[in-house]
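Welcome! Work through these exercises with the model open beside you, and try each task before reading its solution.

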Amino acid sequence: MGRPKKETYKIDERYIEEALLLAGRYSESVKRRDQLRNLMTGNFEYTKDMAIRDLIGGGVRYDTERVQTSNISNQPERIAILLDNDFVWKERRRIQEEARKYKMELDILNRELAVIEVAMNERMDARTRAVFRCLYIEHLPWSRVKDEYGTVLRPQKIRAAREKAVFEIAKELITVEQYEEGE
């Protein structure tokens, strides 16, 4: 009779490719997420005083012999005209649009990172998780990859654990996609 065969689970190649991409850029995505969170903390209000400061210090460049000027050489007059022409409102809109783009980017990063983090915490065994950390978070060379007990692994074990990690991320991608389709 023999030992029962392990159940094989076939995953579409596009999920494997996406999982590889997510894993490969995981540490950069974490850094970018942290940067975006820092940018978005706090409530930023653009005021007339800020606009005046920006307009006063705006047109001078010290790396060239030329002096950049506008059509209006009288600086207070130029500032007054710009302030009358809704400069503050336009800057607020520009800042809000920039914040909206950052928020969209942050939402995408959070979704991508959640897939990896759920796969790591719920789907990967300890060795697979340890190899994933070594390869994709710490960016260690294969010669320094260790398992959960601190034992340096042979290339075959590393390759198997890496493939399993990517496979588990791909399975999580499928689960998320199915959940989103069901909503």
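**Exercise 1.** At what angle do the axes of helix H2 and helix H5 cross, and within what distance do they come?

*Solution.* Before starting, note that this is a predicted model, where local features need pLDDT of at least 70, side-chain atom pairs count only at pLDDT 80 or more, and totals for chains, interfaces and linings use all residues. Residues are numbered from 1 along each chain as its sequence is written, and side-chain values use heavy atoms, leaving out hydrogens and water.

Step 1: find H2 at residues 26-40 and H5 at residues 87-123. Helices (H or I, at least four residues) and strands (E, at least two) are DSSP runs, numbered from the N terminus.

Step 2: the two axes cross at roughly 140 degrees and come within 9 Å. Axes are lines fitted to C-alpha atoms, for helices over the stretch in contact, and angles run from 0 to 180 degrees between N-to-C directions.

Step 3: this angle makes H2 oblique to H5. Angles under 35 degrees count as roughly parallel, over 145 as roughly antiparallel, 65 to 115 as roughly perpendicular and the rest as oblique.

Step 4: look at who touches whom, with contact meaning heavy atoms within 4.5 Å. Among the residues making the contact are Tyr26, Val30 and Leu36 of H2 and Leu106, Leu109 and Leu113 of H5.

**Exercise 2.** Which residues of H5 are buried?

*Solution.* Step 1: apply the cut-offs, where buried means under 20% relative accessible area, exposed over 50%, and partly exposed in between (1.4 Å probe, protein chains only).

Step 2: the buried residues of H5 include Leu106, Leu109, Glu112, Leu113 and Ala119.

Step 3: for the whole protein chain, 28% of the 183 residues count as buried.

**Exercise 3.** Why does glutamate 168 count as buried?

*Solution.* Step 1: locate glutamate 168 in helix H7, residues 155-182.

Step 2: glutamate 168 counts as buried because its relative accessibility is 6%.

Step 3: leaving aside residues up to four places away in sequence, glutamate 168 touches Ala119, Arg123 and Met124.

**Exercise 4.** At what angle do H6 and H7 pack?

*Solution.* Step 1: H6 covers residues 126-137, and its axis lies 9 Å from that of H7.

Step 2: the angle is about 95 degrees, so H6 and H7 are roughly perpendicular to each other.

Step 3: the contact involves residues including Val131, Phe132 and Leu135 of H6 and Ile158, Ala161 and Ile169 of H7.

**Exercise 5.** How many helices and strands are in the protein chain?

*Solution.* The protein chain has 7 helices and 0 strands, giving the pattern α-α-α-α-α-α-α along the sequence.
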